[in-house]
Amino acid sequence: MKKFNYQSKPFEAIRISHDSYLPVAQKIAGEQLYYNIKFDSSASDFIRCLWAYFTSILKVATEFKTNHPMLLILDEPKQQDMSIENFRTFLQELSKYKDQQILVFASFENSDEAFEEATRDVDFSLKRIESKLISPVIK
């Protein structure tokens, strides 16, 4: 989470729940009471938390035998006015996984400049979709 600039909670207060396997935050310092981290994170920090969670789970799956399908499909992961720098860091992290399938659907604010900035120094393959995927059926 540090890599993606998460700031809503101290890192020492964040754990993965043994029950749900989702990120949780410590309720009171020093106590073992935890709650869903999204309730105490800004919207953009919660997105950063999800980025860290998804990439961490994938990393564990590449290092240990798990039932992860080695597939991530992300639909518009740059939400909540996330900075281009943080998003580029996320894309650079994803680009490290060469033997896994990662699909990122993103519009980059419909800006070629935003796309170029976000993907600078990122190793990826682009499949541009020029037309709408869903359109009226012409009779």
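**Salt bridges up close**

Analyst: Let's start with Glu 130 and Arg 128: both are exposed (that is, over 50% relative accessible area with a 1.4 Å probe and protein chains only; buried is under 20%, and partly exposed lies in between). Their side chains meet in a salt bridge, at 3.8 Å from N to O. By salt bridge I mean a side-chain nitrogen of Lys or Arg within 4 Å of a carboxyl oxygen of Asp or Glu.

Before going on, a word on the ground rules. This is a predicted model, so local features need pLDDT of at least 70 and side-chain atom pairs count only at pLDDT 80 or more, while totals for chains, interfaces and linings use all residues. Residues are numbered from 1 along each chain as its sequence is written, and side-chain values use heavy atoms, with hydrogens and water left out.

Searching the whole structure turns up 8 salt bridges. One of them joins the side chains of Lys 3 and Glu 93, at 2.7 Å from N to O. That pair ties together distant parts of the chain, 90 residues apart: Lys 3 is in the segment before S1, and Glu 93 is in helix H2 (residues 84–94). Helices (H or I, at least four residues) and strands (E, at least two) are DSSP runs here, numbered from the N terminus. Lys 3 counts as partly exposed because its relative accessibility is 45%, whereas Glu 93, at 8%, counts as buried. There's a network here too: salt bridges link Lys 3, Glu 93 and Lys 96.

Helix H2 also holds Arg 88, which forms a salt bridge with Glu 117, their closest N and O atoms being 2.4 Å apart. This pair again links distant parts of the chain, with Glu 117 in helix H3 (residues 112–119), 29 residues from Arg 88. Arg 88 has a relative accessible area of 11%, so it is buried; Glu 117 has 29%, so it is partly exposed.

3 strands form an open sheet in the order S1-S2-S3, with antiparallel pairing (two strands pair if DSSP finds at least two bridges between them). Strand S1 (14–16) and strand S3 (34–36) are at the edges with a single partner strand each, so one side of each has no neighbour in the sheet. S1 is joined to strand S2 (residues 23–26) by 3 bridges, and Arg 15 stands opposite Val 24 in S2.
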